[in-house]
Amino acid sequence: MIIKKPAYNDKFKCIANKCENTCCSGWQIEIDEKSQKKYENATGNYCNVLKNSVTKNENGETVFKQSGLDCIHLKNGLCEIQKNLGENFLCDTCKNFPRWKNIFGGTTECGISTACPEASRLIFAENELGFNCEITDELPSINNIDAEEYLELTKKRNSVFEKIKNAKSKDDIFSALYNVINNCEKGTKSNKKLSSKNALEFCKTFDYSSKESALFLNEQNGLTIDEFKNLSFYYVYRYFMLPVLEDIDIESTVEFIIFSLLVINETGKKGAVVFAKEVENCEENMKKLFSYLKNKEN
């Protein structure tokens with residue numbers, strides 16, 4: 001198995017109660033089946049609290065109860081599960097965040113999400129737009145990805161990476177992304193470009209966990225060219241290959257990347273965290289956004 005990750009990836013370490021936007025607040029934390037069974041059979045101190053904290057949400061998903069916007073286990077910025085029972089009792093969501101990975105047969109691409117303030121700081125501060133690769137003894141995953149599509153998109157993404165590295169302006173990066181759309185064989189997309197104004201206006205229609213979260217749209221802390229290049233590199237790395245894994249076309253995927261860059265370029269580093277947490281990690285908001293990108297007027 002080939003493991004690929006950005007240069008900044010292994011620098012990440014959770015800063016716990018020093019974090020200004022904790023991942024234990026603002027969203028429901030879904031519990032995987034294995035952890036759920038562990039909680040049901042657990043005995044000892046804090047286990048009764050743990051068992052009674054599990055519930056079903058409106059979608060039938062197993063989640064932790066909340067106190068206001070906070071996970072019920074969040075006390076003074078720290079997790080009571082980890083404090084009382086240890087890291088092994090954390091569910092997969094809590095154990096893995098902000099880490100993510102995409103598996104393409106014999107290659108696994110790993111990263112950290114801008115939804116985490118500390119991860120976001122590392123991404124914006126990185127001086128090297130590149131990757132580290134290692135080969136492990138782990139056997140490749142069996143999946144049904146289209147090898148031809150994977151190779152084609154990999155080639156296109158590598159071209160975009162090079163253009164981001166060599167970009168002299170933000171417009172150079174947007175042009176590289178629009179070229180991907182305009183050169184697609186289907187030719188179903190309009191040449192009309194998204195605007196920062198329209199993107200920010202549409203962001204007002206999303207559902208946010210709180211009124212305070214939506215205030216990021218009022219921020220006007222634009223990114224420097226180097227910060228913008230880092231952000232672009234991150235979005236292209238994380239999302240460009242999604243058509244290989246999901247039922248989505250490359251045009252819509254690239255338009256999503258452009259939309260995200262437009263919003264964050266206007267709202268700055270704080271906007272990167274809130275947008276990732278409130279939009280990218282909200283299924284309803286993402287469905288709404290992709291519907292908008294597909295059906296917007298030409």
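Me: Where is Asn76 placed, and is Asn76 buried or exposed?

Reply: Helices (H or I, at least four residues) and strands (E, at least two) are DSSP runs, numbered from the N terminus. Asn76 sits in the loop between β6 (74–75) and β7 (78–79). Buried means under 20% relative accessible area, exposed over 50%, and partly exposed in between (1.4 Å probe, protein chains only). At 75% relative accessibility, Asn76 counts as exposed. Its phi is near 55 degrees, a positive value in a residue other than glycine.

The model is predicted: local features need pLDDT of at least 70, side-chain atom pairs count only at pLDDT 80 or more, and totals for chains, interfaces and linings use all residues. Residues are numbered from 1 along each chain as its sequence is written, and side-chain values use heavy atoms, with hydrogens and water left out.

Me: What is phi at Tyr46, and where does Tyr46 lie?

Reply: Tyr46 has a positive phi of about 75 degrees although it is not a glycine. Tyr46 belongs to the loop between α1 (33–41) and α2 (47–52) and is buried, with a relative accessible area of 18%.

Me: Which residues does the cis peptide bond join?

Reply: The cis bond joins Phe97 and Pro98, with omega about 10 degrees. Pro98 is in the loop between α4 (92–96) and β8.
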